[in-house]
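User: I would like to learn how to read individual features in a model like this one. Please take them one at a time, with the general idea before the case.

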Amino acid sequence: MAENVVIKASMPGVFYRRPDPEDPVFVDEGEEVEAGDVVGLIGVMKNFHDVKADEAGEVVEFLAEHESEVDAGDELVEIAPV
C-alpha cells in the first residue's frame, strides 16, 4: 500500500477550508478527492490561491485549522492514496 501524501502550503498566508464563510467546506475528512481537486485556499492580501490534491485519495486529516496562519512548507492536509 502506498504511503500517505501530505499537501503543504506553497506560500505563507491564511488557510481556508471553505470558499466563503457561508459555504460548505471544500472537502471533509473521510471523503475521496481526485488529483487536481481543490481542498482549501490560502489567502494572501485579499488574493486567494487554490490548494489542490496532488493525487487521488481519501482525506485522512486536516493538519491546519480553518482560518489559521500558515507558512510556506507547513503541512495542511494528509491524503491516503487509493
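User: Which polar atom lies 2.8 Å from the backbone nitrogen of Glu 34?

Analyst: That atom belongs to the side chain of Asp 37. Keep in mind that this is a predicted model. Asp 37 sits in the loop between β3 and β4 (38–44).

User: Is Asp 37 buried, partly exposed or exposed?

Analyst: Asp 37 is partly exposed, at a relative accessible area of 32%.

User: Which residues does Asp 37 contact, leaving aside its neighbours within four places in sequence?

Analyst: Asp 37 is in contact with Val 51, Lys 52 and Ala 53.

User: Now charged pairs. How many salt bridges does the structure hold?

Analyst: The general idea is that side chains of opposite charge can pair when their charged atoms come close. In this structure there is 1 salt bridge. It joins the side chains of Asp 28 and Arg 17, at 3.1 Å from N to O. Asp 28 and Arg 17 both lie in the loop between β2 (13–16) and β3 (32–33), so the pair ties together parts that are 11 residues apart in sequence.

User: How accessible are Asp 28 and Arg 17?

Analyst: Asp 28 has a relative accessible area of 37% and is partly exposed. Arg 17 is buried, because its relative accessible area of 16% falls under the 20% cut-off.

User: Which residues does Arg 17 touch, not counting those up to four places away in sequence?

Analyst: Arg 17 touches Val 25, Phe 26, Val 27, Asp 28, Phe 62 and His 66. With Phe 62 there is a further feature: Arg 17 lies over the face of that ring, at 3.8 Å from the ring centre.

User: How are pairs of rings described, and how many aromatic pairs are there here?

Analyst: A pair of aromatic rings is described by the distance of the centres and the angle of the planes. The count here is 2 aromatic pairs. One of them is Phe 15 with Phe 62: the centres are 6.4 Å apart and the planes stand at 35 degrees, so the pair is tilted. Phe 15 belongs to strand β2 and Phe 62 to strand β6 (residues 57–62), so this pair ties together parts that are 47 residues apart in sequence. Both Phe 15 and Phe 62 are buried.

User: Next, the sheet. In what order do its strands run?

Analyst: An open sheet is formed by 4 strands in the order β1-β8-β6-β3, with antiparallel pairing. Its edge strands are β1 and β3, each of which pairs on one side only.

User: How many bridges join β3 to β6, and how many pair β1 with β8?

Analyst: β3 and β6 run antiparallel and are joined by 2 bridges. Val 33 has Gly 57 in β6 as its bridge partner. β1 pairs with strand β8 (residues 75–81) over 4 bridges, also in the antiparallel sense. There, Ile 7 stands opposite Val 77 in β8.

User: Which residues of strand β1 form its covered face, and which its uncovered one?

Analyst: In a regular strand the side chains alternate between the two faces of the sheet. For strand β1 (residues 5–8), Val 5 and Ile 7 make up the covered face, while Val 6 and Lys 8 make up the uncovered one.

Note on methods: Residues numbered from 1 in each chain as written. Predicted model: local features only at pLDDT ≥ 70, side-chain atom pairs only at ≥ 80, totals over all residues. Heavy atoms only, no water. Salt bridge = Lys/Arg side-chain N within 4 Å of Asp/Glu carboxyl O. Buried < 20%, exposed > 50% of the residue type's maximum accessible area, 1.4 Å probe, protein only. Contact = heavy atoms within 4.5 Å. Phe/Tyr/Trp six-rings, centres within 6.5 Å; stacked < 30°, edge-to-face > 60°. Lys NZ or Arg CZ within 6 Å of the ring centre and 35° of its normal. Pairing = 2+ DSSP bridges. Polar contact = N/O pair within 3.5 Å; in protein donor to acceptor, adjacent residues only side chain to side chain.
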